[in-house]
Amino acid sequence: LGCGAWRACLCALSLCTFLAFRRYVRRVRWSLRDLVGIESARSGHGVMLFGEARLRMEHCFVRRASGTGIVASQSSACTVISSEVLQSREEGVFASGRSRVELTKITIDDAAHSGCLLVENAAVSMTNCTVQQCRGAGILATSSAQLTARGCTVTRNDCDGVRAKGHSSLTLSGCIVRANGLDAVHMASYGPCEITANQLLGTVWTNAPPEGTQEQIWLRKTILAAVE
């Protein structure tokens, strides 16, 4: 081969190798996200807890994190009071593993993905919080996560207001869920869901899993409206 053809061959091989490596990195990154709860391939989280870390935040602002605003993974515990998580490039709050997160009077605004994402066996309790203008779901619980939301407002998110998937459990009480891009509440979980005394302006959707696999869904004292 001539010098020009040899260089072209090297360039082609380098490009193929680069593309294969990039696909491999993406697979590793998403695998770590599902199993561990943090993206090792990307830094820039506002707050990140793992192991058995404990953290209490009061009157704090987490703004423009290049990753997720607050990450709690493994057996960590986080309590956040009267704070704001704004304009995160990924999720506003992300809980995974056996982590425990308590949010009180928190505003989560303009996250690039979901406002609050729970996976695996994480448990998140939200009281008097606002989740708005996120480009994914407002609150998403999946796998075997546990979500309890009381007195919260979930509004103007691009996808569902609140969604439960997998075997996650959902307790929604005294909340206002309105003006979201898809359903107000989407229950696609095999776990128990209890929805009491809420104002749900939008569709309330439940999937029909195989007979005998889904626990009871309770819907009590709730105002429903398909069109706001």
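Tutor: D110 is partly exposed, at 23% relative accessibility, where partly exposed is the range between buried (under 20% relative accessible area) and exposed (over 50%), computed with a 1.4 Å probe and protein chains only. The model is a predicted one, in which local features need pLDDT of at least 70, side-chain atom pairs count only at pLDDT 80 or more, and totals for chains, interfaces and linings use all residues. Residues are numbered from 1 along each chain as its sequence is written, and side-chain values use heavy atoms, with hydrogens and water left out.

The partner of D110 is R135: their side chains form a salt bridge with an N to O distance of 2.7 Å. A salt bridge here is a side-chain nitrogen of Lys or Arg within 4 Å of a carboxyl oxygen of Asp or Glu. Because D110 sits in the loop between β9 (107–109) and β10 (116–118), and R135 in the loop between β12 (130–132) and β13, the pair ties together parts that are 25 residues apart in sequence. R135 is also partly exposed, with a relative accessible area of 43%. Side chains of opposite charge can pair when their charged atoms come close.

The structure holds 3 salt bridges. R56 and E58 form one of them, with their closest N and O atoms 2.7 Å apart; R56 is exposed at 54% relative accessible area, and E58 is partly exposed at 38%. D160 and R163 also meet in a salt bridge, at 3.6 Å from N to O. There D160 is buried, at 4% relative accessibility, while R163 is partly exposed at 25%.

Strands are DSSP runs of E with at least two residues, helices are runs of H or I with at least four, and both are numbered from the N terminus; two strands pair if DSSP finds at least two bridges between them. Elsewhere, β8 (residues 100–104) and β11 (residues 123–127) pair in the parallel sense over 5 bridges, with V101 opposite V124. Strand β11 pairs likewise with β14 (residues 146–150), in the parallel sense over 5 bridges, and S125 stands opposite T148.

I139 and V162 are among the residues that touch the most other members of the largest nonpolar core, which has 43 residues. Such a core is a set of buried Ala, Val, Leu, Ile, Met, Phe, Trp, Tyr and Cys residues joined through side-chain atoms within 4.5 Å. A second, separate core of 6 residues includes V71, F94, V119 and A137.

For the chain as a whole, there are 1 helix and 24 strands, and 43% of the 228 residues count as buried.
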